Amino acid sequence: MIRQAKGKTPRRLPPKKASNSQKDPVGVYCRVRPLGAEDEECCIEVISNTTIQLHAPDGLKANRNGEFKETQYSFKKVFGIKTTQGELFEDVAKPLVEDIIHCKNGLLFTYGVTGSGKTHTMTGSPGQGGLLPRSLDMIFNSIGPYQAKRYVFKPDDKNGMEVQNQVDALLDRQKRDSQTTVPKTPTTRRIDPEFADMISPEEACKADGVDEDSSYSVFVSYIEIYNNYIYDLLEETPIDPIKPKWNVAGTPLRNNTEFIPPQSKILREDQNHNMYVAGCTEVEVKSTEEAFEVFWRGQKKRRIANTQLNRESSRSHSVFIIKLAQAPLDADGDNVLQDKNQVNVSQLCLVDLAGSERTSRTRAEGSRLREAGNINQSLMTLRTCIEVLRENQMCGTNKMVPYRDSKVTHLFKNYFDGEGKVRMVVCVNPKADDYEETLLVMRFAEMTQEVEVARPVDRPICGFAAGRRQRNQAFKEELTRRLEERGGPLDGESPTVLNQLLQSFPPLPPCEISGPNDDVTLPRLIEALEKRHKIRQMMIEEYNKTANMLKSVLQEQDSNLLSKENFIQEQRGKLGEKDKMLQNQKNEIDRLEKKSKMLEYKIDILQKTTNIYEEDKRSLQHELESREQRLQREMSEKRRMEARMQGIVTDSKLKWEKECERRVNAKQLEMQNKLWVKDEKLKQLKAIVTEGKTENRQPQRPSREKDKVPAKRSASPSPVPTGPPVRPLHRRSHSAGGERWVDHKPNTNVDLDTVLQPNLPNAIKVNAPSEKALSKCDKYVLTHQEVASDGEIQTKLIKGEVFKTRGGGQAVQFTDIETLKQENPVAASRKRRSSETGPDGEPKEGDWTDVETRTQKALRLL
Ligand code: ADP
Ligand code: MG
């Protein structure tokens with residue numbers, strides 16, 4: 001509340017100092033404008049009438065670790081794209097207008113990125129008037145009949161308001177009428193089509209509980225804050241023909257020679273520590289139209305200045321201040337009380353802030369860039385102030401709020417420090433391009449909601465009885481009626497009431513004196529007049545008595561009324577407290593709800609993270625299992641390989657052992673043969689020496705050897721690599737067709753269908769060794785199959801030479817082994833083994849599973 005700066009008597013404390021106990025949070029509202037084009041990407045969704053959700057646009061999602069892709073923000077209320085200007089006004093500005101009428105201050109600002117609808121919300125357009133024209137309209141609808149005459153209230157130059165006496169006011173009015181060219185009655189004026197339909201009459205609304213016993217006047221100011229300079233948009237700039245026209249940067253203006261750059265204003269603090277723009281024009285307006293016309297004049301001036309000085313309007317803050325002065329009527333309800341102390345001034349500031357984006361949307365260079373920096377600076381200061389305020393309030397700290405760092409915050413410092421309702425409309429454009437800026441706007445808005453501002457108190461009562469205006473009005477009406485009835489009082493004539501009174505007196509006696517001796521008429525007249533005088537005296541007394549009585553009754557009534565009013569006031573206070581309590585609880589609930597929402601969101605994220613980890617764990621386990629399986633496979637492969645290698649080693653060891661044995665045997669045989677030959681020679685020599693007649697006899701081997709030798713030979717055939725053995729046996733001559741072969745193939749052999757087959761022409765094919773066949777041939781071959789260490793079938797061709805023994809039998813000396821190897825398709829059937837013996841007690845052919853057994857068998861048969 002802005003109180004009057006006044007007289008020299010010590011000032012009473014401004015009411016705000018005593019009333020800081022009750023506080024309300026800054027009311028933050030969110031308005032979402034429609035998308036410019038329908039196919040534009042949208043990043044905002046209205047979830048409820050208090051919450052919106054922001055989605056990161058597609059392009060951005062990839063950059064952000066998948067974190068907080070969606071965020072929710074809650075406000076006192078959210079207005080979707082279909083909200084009309086009227087609906088917005090109803091919720092946001094109407095309570096502020098009611099407040100200003102009840103002597104309480106209000107501050108309303110729009111905040112957002114350029115193009116988000118701040119100006120649309122604040123000013124609007126024809127047919128869609130914004131908060132500003134609607135607020136003006138509501139004020140005039142409410143105080144219309146109670147407005148003071150122009151110039152009754154007069155602003156002083158120290159942010160105060162004086163009450164002029166009737167005569168001075170009248171003189172000022174006459175001066176104005178003679179100066180201005182505009183017609184007196186605004187209703188007959190031609191309205192500028194640019195703002196003709198800002199408010200339609202059917203939307204008109206009115207505040208309740210307007211104090212009829214006060215008189216009101218509205219004053220408006222309009223300022224612009226650009227580059228941290230304050231300009232008065234309503235200042236009448238005198239045209240200076242001498243001074244050259246320069247713009248702010250110091251270069252001559254491009255065209256308009258009429259244009260004079262505006263002078264910046266400074267901020268001052270009044271006696272009550274309220275900030276005001278020193279020397280700022282305050283225009284008294286008497287109707288919505290007049291007020292809006294003044295606003296429009298300022299708008300035009302702003303536009304021209306921006307064009308001339310090459311400024312970007314989105315970078316300036318515009319502040320429209322509506323001041324409402326009100327003072328009680330005097331006791332008879334006729335005139336404004338001539339007491340400066342009784343004047344109340346409340347104000348509503350409507351602020352259209354500069355675009356909140358960090359960089360200029362258009363290309364900013366040089367001085368423009370610096371300006372942009374300053375404007376950013378002032379919004380930054382606003383943010384810092386809000387932050388510090390919040391911190392001070394929440395943590396009980398007492399940090400200095402840097403209001404003075406920018407003009408905007410300095411001007412409004414009283415709202416945050418003192419008292420008054422503060423409301424903010426956060427405007428957002430849902431298009432994806434604005435996403436990042438909108439995110440910052442949302443954060444600021446959330447923070448702002450946590451700041452509390454002292455609630456304004458109710459205005460003190462002036463002490464006069466209520467209903468003065470009405471009584472005065474009724475009296476005046478009655479007077480007029482009676483005057484009209486009477487056709488107006490005529491000179492020398494008494495009013496009708498007096499006539500009636502006179503008629504109630506006894507009639508005067510005839511006062512005609514009959515003669516000089518008539519001493520009856522005069523005394524009678526004197527007597528009658530004296531009587532009348534007495535009656536009059538009595539009547540006066542009676543009248544005074546009645547008047548006094550009436551006065552005391554009225555006084556009583558007045559005091560009754562006063563006490564009732566006080567009682568109502570008291571009840572109102574209590575109601576206010578209850579309201580506050582309710583509001584606090586509601587706020588607490590809101591806060592908890594918000595917190596729980598946040599926690600739910602966090603839980604959700606944690607759940608998702610857990611799921612991801614579990615998924616990872618599962619896949620790792622899976623991999624582990626498959627690796628273990630592979631390891632096992634490789635181990636078993638290794639074991640199989642080892643077994644195979646061992647088999648090969650054993651096999652080749654066995655083979656070599658046999659080979660060694662065979663060679664030893666061959667050597668032995670050879671030695672024996674040599675021994676035998678020597679023996680024989682010795683015997684023959686002996687015979688020659690001793691008998692001389694046994695020359696032609698065949699040498700006989702001792703019987704001992706006859707039995708032994710073949711067995712030994714069979715066990716050790718002469719090895720091939722040691723060169724041709726001594727052949728004491730007669731070797732069968734080759735037949736005409738070459739060598740003749742015994743081809744021994746046991747029945748148990750599997751037909752392997754190999755391409756490489758021994759080619760033996762004239763061979764006698766047998767499946768068991770037979771002496772008959774051997775006697776006809778000189779070569780023997782046994783086709784023997786066995787399982788090799790690697791499990792494959794291996795065919796061995798064991799070759800030998802047939803000799804006739806001295807005993808007349810046949811002997812086979814094995815000379816060579818050829819080995820053929822091939823993969824066996826019927827390995828299983830080959831594995832058959834049998835221990836059965838034939839009917840003659842000899843093992844069957846199938847039992848010959850190794851070459852030794854077979855050759856031994858063959859040799860035994862010979
Ligand atoms: P700002 O002042 O934030 O830079 P404006 O108020 O100038 O933005 O809005 C930019 C454009 O968007 C204007 O043409 C305006 O008419 C339009 N606009 C903004 N808000 C709305 C809305 N709620 N409904 C319809 N049009 C809107
Ligand atoms: Mg704008």
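In the predicted model, the residues around ligand 1 (those with a heavy atom within 4 Å of it) are Arg31, Arg33, Pro34, Val113, Thr114, Gly115, Ser116, Gly117, Lys118, Thr119 and His120. By class, this shell comprises 2 nonpolar, 6 polar and 3 charged residues; here Ala, Val, Leu, Ile, Met, Phe, Trp, Tyr, Cys and Pro count as nonpolar, Asp, Glu, Lys and Arg as charged, and the others, Gly among them, as polar. The greatest contribution to the shell comes from helix H5 (residues 118–122), with 3 residues. Helices (H or I, at least four residues) and strands (E, at least two) are DSSP runs numbered from the N terminus.

A polar backbone atom of glycine 115 is 2.6 Å from an oxygen atom of the ligand. For arginine 33, the distance from a polar side-chain atom to a ligand oxygen is 2.7 Å, and for lysine 118 the corresponding side-chain distance is 2.9 Å. Ligand 1 taken alone exposes 560 Å², of which the protein buries 66%.

Residues are numbered from 1 along each chain as its sequence is written, while chains are lettered from A and ligands numbered from 1 in the order in which they are written. As the model is predicted, local features need pLDDT of at least 70 and side-chain atom pairs count only at pLDDT 80 or more, whereas totals for chains, interfaces and linings use all residues, and side-chain values use heavy atoms, with hydrogens and water left out.

The protein contains 19 helices and 28 strands. Of its 862 residues, 39% count as buried, a term that denotes under 20% relative accessible area, with exposed meaning over 50% and partly exposed the range in between (1.4 Å probe, protein chains only). The accessible surface comes to about 51,300 Å², and carbon and sulfur atoms account for 53% of that area. Among contacts (heavy atoms within 4.5 Å) with a separation of 6 or more, 72% involve residues 24 or more positions apart.

Strand E19 (317–328) is mostly covered, 12 of its 12 residues being buried. In a regular strand the side chains alternate between the two faces of the sheet. Both faces of E19 are covered, with His317, Val319, Ile321, Lys323, Ala325 and Ala327 buried on one side and Ser318, Phe320, Ile322, Leu324, Gln326 and Pro328 buried on the other. E19 pairs with E13 in the antiparallel sense over 12 bridges, strands being taken as paired if DSSP finds at least two bridges between them. Within this pairing, serine 221 has isoleucine 321 of E19 as its bridge partner. E19 is also joined to E20 by 9 bridges, again with antiparallel strands, and aspartate 352 in E20 is the bridge partner of serine 318.

Serine 318, located in E19, is buried, with a relative accessible area of 5%. Not counting residues up to four places away in sequence, serine 318 touches Tyr222, Ile223, Glu224, Arg302, Leu350, Val351 and Asp352. In E20 (residues 344–352), glutamine 347 is likewise buried, at a relative accessible area of 10%. The side chains of glutamine 347 and tyrosine 415 are joined by a polar contact of 3.4 Å; such a contact is a pair of N or O atoms within 3.5 Å and, within protein, requires that one atom be able to donate a hydrogen and the other to accept it, with residues adjacent in sequence counting only if both atoms are side-chain atoms. Glutamate 312 lies in the loop between helix H8 (288–308) and E19 and is buried, with a relative accessible area of 13%. Its C-alpha atom is separated by 9.4 Å from that of tyrosine 226, 86 residues apart along the chain.

E13 and E14 form a hairpin with 2 residues between them, and asparagine 227 in the turn has a positive phi of about 55°. Isoleucine 225 has isoleucine 230 as its bridge partner in E14. Isoleucine 230 also stands opposite lysine 265 in E15, E14 and strand E15 (residues 264–265) being paired in the antiparallel sense over 2 bridges.

Terms used: Accessible areas come from the Shrake-Rupley method with a 1.4 Å probe; for residues, only the protein chains shown count as cover.
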